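Colleague: I have a new model open and would like to learn how to read it. Can we go through it feature by feature?

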Amino acid sequence: MNNINQILFPYVVQAVSQTFSVELTEQSIQFQDTRKEFEGDTTLVVFPITKFVKQGPEQLANAIGEYLVQHCPVVKQYNVVKGFLNLVIEDTYWLDAFQTMLKEEHWGREAENSRPRIMVEYSSPNTNKPLHLGHLRNNFLGYSVAEILKAAGHKVTKVQIINDRGIHICKSMYAWQASGKNDTPESTGLKGDKLVGQYYVAFDQQYKAEIADLIQGGMSKEDAENNAPSMLAAQDMLRKWENGDEAVTSLWKMMNQWVYTGFEVTYRNMGVDFDKLYFESETYLKGKEEVEKGLSKGVFFKKDDGSTWIDLTNEGLDEKAVLRKDGTAMYITQDIGTAILRFEDFPDTAAQIYTVGNEQEYHFKVLFKILAKLGWSQSDACHHLSYGMVELPEGKMKSREGTVVDADDLMESMKDESRLMAEEQGKLDGLTTEEKDLTYHKIGMAALKYFLMRVDPKKNMMFNPQESIDFNGNTGPFIQYGYVRTQAILRKANWITGVDLVINGEVEMVGEERNLIKLLFAYPQFLSESAKKYDPSVMAAFAYELTKTFNVFYQHCNILREENVDIKTFRLNLTSLTGQCIQSSMSLLGIQMPEKM
RNA sequence: GAUCUCGUAGCUCAGUUGGAUAGAGCAUCUGCCUUCUAAGCAGACGGUCAGGGGUUCGAAUCCCUUCGGGAUCACCA
């Protein structure tokens with residue numbers, strides 16, 4: 001089905017060529033949505049055309065408008081304001097569009113697996129502390145982009161890389177061992193990630209104290225940091241781990257397992273999942289191998305001290321180390337290994353999307369250049385889905401200063417708030433305890449997810465825990481509420497989707513219905529823009545706009561009370577399709593719809 | 001210091017490749033529930049689009065510059 005502007009395009013070309021004998025370029029024909037205060041469905045901006053035709057904008061607009069009304073069957077009438085030609089499209093066009101949408105099984109979505117595989121990486125936490133607000137933004141964005149790409153027809157594989165290796169986890173391990181308490185998640189009743197996180201904090205405190213002591217004893221700050229006993233012990237553990245020391249390895253396995261078990265709970269609450277996990281402990285050696293291979297091909301070079309580098313100065317970047325002088329792997333090394341492993345695991349992968357904070361933009365520029373130089377042509381299509389920080393009123397989140405907003409706590413408090421609100425209103429009274437609980441969860445998560453995803457991913461955003469997150473206005477619950485209304489009406493009408501498709505051609509549309517149909521018809525454009533930009537906020541804006549438009553329709557038009565059967569059927573179909581589209585677009589944000597609220 | 005990025009209403013954010021009188025929500029104030037769920041609808045108030053210059057029929061948008069916030073520039077991850 002064609003977009004209205006695509007239909008009009010050739011007629012505009014004809015109008016100008018027949019009236020003025022001038023052939024227009026594609027660029028000179030610009031359409032935009034008609035502003036609300038004027039009458040019309042779409043608007044031709046004629047200023048660019050005045051460059052080709054020696055006419056004043058208004059005369060020109062009138063001439064084109066006249067031609068279109070006479071020759072283009074979908075154009076009903078026109079009006080001209082300055083250099084803007086507002087076109088009113090025939091109702092039959094919108095009714096046809098509506099019929100088309102109703103016949104689709106999933107209006108707006110592309111056929112499954114009609115486009116190449118894209119791998120989306122997100123989450124990728126360290127295994128030494130619990131997930132926080134920043135991880136929520138990461139997970140929600142990554143999951144949502146994956147769903148959006150899927151809806152746009154791509155095969156999608158959701159992955160994460162788990163940073164299970166390195167000094168950070170050894171710090172927690174050392175602190176746990178040094179405490180001598182043999183705490184476990186079972187013995188303390190704590191979530192595994194929380195328990196391990198406590199020991200990470202404990203390590204940091206001890207380390208700080210030791211540094212202070214050493215400095216007081218006359219040592220320089222740098223020496224103190226390098227020689228503090230706890231740091232030496234953690235480093236010793238890391239060496240033992242790399243050498244496969246049995247005791248250290250089993251401690252490492254046990255504590256990582258605690259963290260994974262804890263994370264699983266958090267992921268389940270977040271509503272995100274993964275198709276395949278990669279562990280740094282398994283990919284960093286692969287990275288080293290690939291660097292060795294690249295070295296022999298001349299992509300990398302060795303410096304005199306034995307470290308391995310790549311020269312990216314021709315690409316406008318710097319020289320970058322890829323192996324230390326002792327031959328050990330760095331952060332970038334394992335990323336090279338992971339990327340290549342993924343291309344090998346899924347050879348049809350056209351691109352990898354990395355959902356990682358914007359502070360790593362340089363890192364990914366380097367990584368993609370390296371992959372290209374190693375001969376992976378897919379690297380051109382790879383993309384760093386770079387997102388900004390979530391800032392608190394007092395500034396950045398800092399774990400040391402206790403200003404971290406914990407992911408589990410936040411999700412729980414959102415749910416509590418939705419419970420309070422629902423209990424006050426008593427609209428869920430008929431439901432079982434389980435059903436109520438699920439509804440509170442859906443509403444709380446909708447508020448949280450929508451809040452984090454309605455803003456442009458690349459921008460830093462503000463989160464104020466005191467004022468918390470709203471449930472009114474431009475919010476997730478507002479959209480859910482609109483959906484709940486559609487379902488309540490359909491329930492009362494005993495509506496079965498797809499049964500009463502008959503629309504009598506005599507139906508005369510009112511403005512509220514037209515606006516709703518126009519917006520529903522634009523769903524695929526919003527989806528493709530969202531997919532193209534890897535930007536869930538486009539879908540969020542669409543869902544909000546759609547719900548608002550429905551609410552106006554709902555408020556001003558009778559549906560169940562409508563006496564004319566044709567109009568009633570038409571409006572019920574409209575309600576049904578709107579409900580579907582709200583649910584569909586919100587599901588792309590990972591937001592679920594309750595049936596009642 | 002260099003590079004990148006952001007600065008829009010009291011607050012949180014939209015604003016497509018330059019297009020009409022810069023839009024939403026929150027907050028404040030007014031109306032609307034005996035009739036499809038008021039987590040809603042209708043309205044009021046609120047702007048030197050950080051400042052200055054340029055490009056042109058036209059600039060929040062593009063270019064230059066100043067100011068202010070953030071990020072990056074490791075044999076850290």
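Modeller: Start with a definition: two strands pair if DSSP finds at least two bridges between them. Keep in mind that this is a predicted model.

Colleague: In what order do the four strands of the open sheet with β1 run?

Modeller: The general idea comes first. Strands of a sheet pair through backbone hydrogen bonds, either parallel or antiparallel. Here the order is β1-β2-β4-β3, and the pairing is antiparallel. β1 and β3 (75–81) each have a single partner strand, so they stand at the edges with one side lacking a neighbour in the sheet. On average, neighbouring strands are turned by 30° against each other, direction ignored.

Colleague: How many bridges link β1 and β2?

Modeller: Four, in the antiparallel sense. One pair to look up is Phe31 with its bridge partner Leu44 in β2. Then look for the helix on this sheet. Helix α3 (residues 57–71) packs there and touches β2, β3 and β4. The direction of α3 makes about 175° with that of β3.

Colleague: Which strands make up the open sheet of three?

Modeller: Read it the same way. The order is β8-β9-β10, with antiparallel pairing. β8 (301–302) and β10 (319–323) are the edges; each has a single partner strand, so one side of each has no neighbour in the sheet. Strand β9 (residues 308–311) pairs with β10 over four bridges, in the antiparallel sense. Thr308 has Leu323 of β10 as its bridge partner. Helix α12 (residues 280–297) packs on this sheet and touches β8, β9 and β10. Its direction makes about 125° with that of β10.

Colleague: What does Thr328 touch, leaving out residues up to four places away in sequence?

Modeller: Thr328 sits in the loop between β10 and α13 (331–345). With those sequence neighbours left out, Thr328 touches Glu242, Lys288 and Leu323. Leu323 is also the bridge partner of Thr308. Now take the polar contacts. The side chain of Thr328 meets the side chain of Asp326 at 2.6 Å. A second polar contact, of 3.0 Å, joins the side chains of Thr328 and Arg324.

Colleague: At roughly what angle do the axes of α16 and α17 cross?

Modeller: Two packed helices are described by the angle between their axes and the distance between the axes. For helix α16 (residues 433–453) and helix α17 (residues 476–492), the axes cross at roughly 130° and come within 7 Å. That makes α16 oblique to α17. On the α16 side, the contact is made by Lys442, Ile443, Ala446, Ala447 and Tyr450. On the α17 side, Gly476, Pro477, Ile479 and Gln480 take part. These contact residues divide into six nonpolar, two polar and one charged.

Colleague: How many residues surround RNA strand B, and which are the closest?

Modeller: Count first, then look at what is being contacted. There are 67 residues around RNA strand B, and the closest are Asp305, Arg324, Lys396, Lys427 and Tyr481. Of the RNA atoms that come within 4 Å of the protein, 63% belong to sugar and phosphate.

Colleague: Which part of RNA strand B lies 3.3 Å from a polar side-chain atom of Arg35?

Modeller: A phosphate oxygen. Compare the bases. A side-chain N or O atom of Gln32 is 2.9 Å from a base nitrogen of RNA strand B. For Asn86, a side-chain N or O atom is 3.3 Å from a base nitrogen. Elements that give two or more residues to this surface include β1 (30–33), β2 (42–45), β4 (84–89) and α17.

How values were computed:
Residues are numbered from 1 along each chain as its sequence is written. Chains are lettered from A and ligands numbered from 1 in the order in which they are written. This is a predicted model: local features need pLDDT of at least 70, side-chain atom pairs count only at pLDDT 80 or more; totals for chains, interfaces and linings use all residues. Side-chain values use heavy atoms; hydrogens and water are left out. Contact means heavy atoms within 4.5 Å. Axes are lines fitted to C-alpha atoms, for helices over the stretch in contact, and angles run from 0 to 180 degrees between N-to-C directions. Angles under 35 degrees count as roughly parallel, over 145 as roughly antiparallel, 65 to 115 as roughly perpendicular and the rest as oblique. Ala, Val, Leu, Ile, Met, Phe, Trp, Tyr, Cys and Pro count as nonpolar, Asp, Glu, Lys and Arg as charged, and the others, Gly among them, as polar. A residue is near a molecule or strand if one of its heavy atoms lies within 4 Å of it. A polar contact is a pair of N or O atoms within 3.5 Å; within protein, one must be able to donate a hydrogen and the other to accept it, and residues adjacent in sequence count only if both atoms are side-chain atoms.
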